[in-house]
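Visitor: I would like to go through this structure and ask what stands behind the terms used for it. Please set each term against its cut-off where one is needed.

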Amino acid sequence: MDNPQHPLKSVFNVGLLLHNLNKEAERKTGLSIVQWSILKYLIEMPATSAQELSEAVRLHPSTLTQSLKRLSRKDLIIVTEDPRDLRKKIISLTRNGKKILDYSDQQMEQIAKPLTEIRNELFIVENFLISLKSSK
Amino acid sequence: MKKLFNSDNLKILESLSFTKTLYAFDFDGTLSKIVTEPGKATISMTTNLLLEELSTHAPVAVISGRSIADLKKHLKFVPKHVIGNHGLEGLGTRPDVLETAHKICATWQTTIKKHLPAEHLKSGVEIEDKKFSLAIHYRKSIAKKNAKLAILKIASNLDPRPRMILGKCVVNLLPPGAPHKGVALVELMLQNGIKSAFYIGDDDTDEDVFSLPNARIFTVRVGNKRTSQAQYYIQKQSEINKVFKTILHFFR
Ligand SMILES: [Mg+2]
């Protein structure tokens with residue numbers, strides 16, 4: 001019988017899969033998964049504060065700032081001052097951003113297909129966690 | 001407040017059109033010009049057509065201090081959502097609450113007529129009975145300042161004590177616990193599962209919307225006023241058609 005795969009190898013495989021997924025998304029749509037998530041949130045929630053967005057997409061504010069700069073340079077979002085509190089920024093999707101998002105949404109289904117491969121890997125990790133729990 | 005007609009601010013306005021947004025409008029001084037006789041307020045044919053056209057693209061509401069019956073007389077096109085009496089009408093307020101409001105207003109009216117010095121009633125102060133609230137107008141008064149003071153004095157002694165909302169040459173008296181326009185807008189959004197809204201108004205009664213903490217409500221005031229809580233402003237009421245055309249352009 002083959003040796004069962006070590007769960008850490010599965011975790012590594014999941015990481016690799018997600019990395020490749022991200023590369024594929026960038027190649028096909030010009031957007032990373034994180035950037036796509038930001039645009040997805042903004043289309044539903046126009047004029048969002050930076051703080052709200054950071055909580056919604058679970059990104060540290062400094063990491064978010066970098067992503068926002070890139071999206072803004074590509075004219076996919078607009079960052080403006082909050083008229084009621086000039087220290088704060090509000091972020092909105094631009095027409096161009098909507099166009100790219102619509103296109104990316106169509107592509108995402110295809111891009112996300114390899115996600116089914118994750119299932120086996122996660123199964124191994126899950127079994128490992130269960131065995132850890134029961135051996136306690 | 002920032003100018004609405006600025007390219008960055010218009011981009012934010014445009015982003016509202018990408019999702020389900022409620023477009024809500026005050027009536028007097030916003031959809032219609034302010035006139036000396038409130039009964040003669042009219043919405044222009046063009047504004048009316050633009051309002052109707054917008055309603056084919058997005059949910060539209062008129063939120064006013066007027067009663068719904070009165071609003072319907074003035075609107076040639078009646079949108080799906082018409083909110084009257086600052087939110088008491090049009091949001092499914094329980095009939096017994098309305099009945100009580102009606103009784104309270106009738107009692108107040110009698111008291112005001114009895115106690116307001118006759119000189120004010122003679123010199124242009126008018127009590128408008130909106131069934132579930134009262135509006136005491138002093139726009140036509142020749143002694144506006146005195147008239148306002150006399151109205152406020154009587155109103156603060158009424159029983160039950162009314163919720164007062166001051167507008168342009170008008171003191172609105174609402175039964176205690178009655179909503180204001182801000183509550184009305186949020187309730188309308190909740191009832192219809194809408195997360196973002198556009199609101200435009202010209203008056204102190206609209207500050208209840210402007211001061212809502214919800215970042216998802218894009219607020220515009222007709223006229224620049226330093227102390228207003230609105231985010232954006234247009235210079236004057238005559239720019240309302242430009243506002244409509246700008247929004248409609250986003251849907252084309
Ligand atoms: Mg008004």
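Guide: In this predicted model, A:Val79 stands opposite A:Ile91 in β3(A). A:Ile91 is also the bridge partner of A:Thr48.

Visitor: What makes strand β2 and β3 of chain A a pair?

Guide: Strand β2 (residues 77-82) and β3(A) share 6 bridges in the antiparallel sense. Pairing requires at least two bridges, so β2 and β3 of chain A count as paired. Another position where the two strands face each other is A:Glu81, which stands opposite A:Lys89 in β3(A). A hairpin of 2 residues leads from β2(A) to β3(A).

Visitor: How do you know that strand β1 of chain A pairs with strand β3?

Guide: Between β1 (residues 48-49) and β3 (residues 85-93) of chain A there are 2 bridges, again antiparallel. The requirement is at least two, so 2 bridges are enough for β1 and β3 of chain A.

Visitor: What is the strand order in the open sheet of chain A?

Guide: The 3 strands run in the order β1-β3-β2, with antiparallel pairing. The edge strands are β1 and β2 of chain A, because each pairs on one side only.

Visitor: Why is A:Arg73 called exposed?

Guide: The relative accessible area of A:Arg73 is 66%. Exposed means over 50%, so A:Arg73 is exposed. A:Arg73 sits in helix α4 (residues 61-73) of chain A, and belongs to a surface patch of positive charge together with A:Lys69, A:Arg70 and A:Lys74.

Visitor: Why is A:Phe128 called partly exposed?

Guide: A:Phe128 has 35% relative accessibility. Buried means under 20% and exposed over 50%, with partly exposed in between, therefore A:Phe128 is partly exposed. The residue A:Phe128 is in helix α6 (residues 115-135) of chain A.

Visitor: What makes up the nonpolar patch that includes A:Phe128?

Guide: A:Phe128, A:Leu129 and A:Leu132 form this patch on the surface, and together they have about 270 Å² of accessible area.

Visitor: What is the phi of A:Arg58, and why is it remarked on?

Guide: Phi of A:Arg58 is near 55 degrees, a positive value in a residue other than glycine. Most residues other than glycine have a negative phi. A:Arg58 is in the loop between α3 (50-56) and α4 of chain A, and at 77% relative accessibility A:Arg58 is exposed, because the cut-off is over 50%.

Visitor: Is B:His86 buried or exposed?

Guide: B:His86 is at 2% relative accessibility. Buried means under 20%, so B:His86 is buried. B:His86 has a positive phi too, about 60 degrees, although it is not a glycine. Its place is the loop between β4 (81-83) and α4 (95-115) of chain B.

Visitor: How do you know that the peptide bond between B:Asp159 and B:Pro160 is cis?

Guide: The omega of the bond joining B:Asp159 and B:Pro160 is about -5 degrees, and the bond is cis. Most peptide bonds are trans. B:Pro160 lies in the loop between α6 (144-156) and β7 (163-167) of chain B.

Visitor: What makes B:Ala69 an exposed residue?

Guide: B:Ala69, in helix α3 (residues 68-74) of chain B, has a relative accessible area of 53%. The cut-off is over 50%, so B:Ala69 is exposed. B:Ala69 and B:Glu89 are 20 residues apart in sequence and 9.9 Å apart in space, C-alpha to C-alpha.

Terms used
Residues numbered from 1 in each chain as written. Chains lettered and ligands numbered in written order. Predicted model: local features only at pLDDT ≥ 70, side-chain atom pairs only at ≥ 80, totals over all residues. Heavy atoms only, no water. Patch = residues over 30% accessible without salt bridge, like charges linked within 9 Å, V, L, I, M, F, W, Y side chains within 5 Å. Areas by Shrake-Rupley, 256 points an atom, 1.4 Å probe, with all protein chains shown as cover. Salt bridge = Lys/Arg side-chain N within 4 Å of Asp/Glu carboxyl O. Lys, Arg positive; Asp, Glu negative; His and termini not counted. Charge placed at Lys NZ, Arg CZ, Asp CG, Glu CD. Helix = DSSP H or I, 4+ residues; strand = E, 2+ residues; numbered from the N terminus. Buried < 20%, exposed > 50% of the residue type's maximum accessible area, 1.4 Å probe, protein only.
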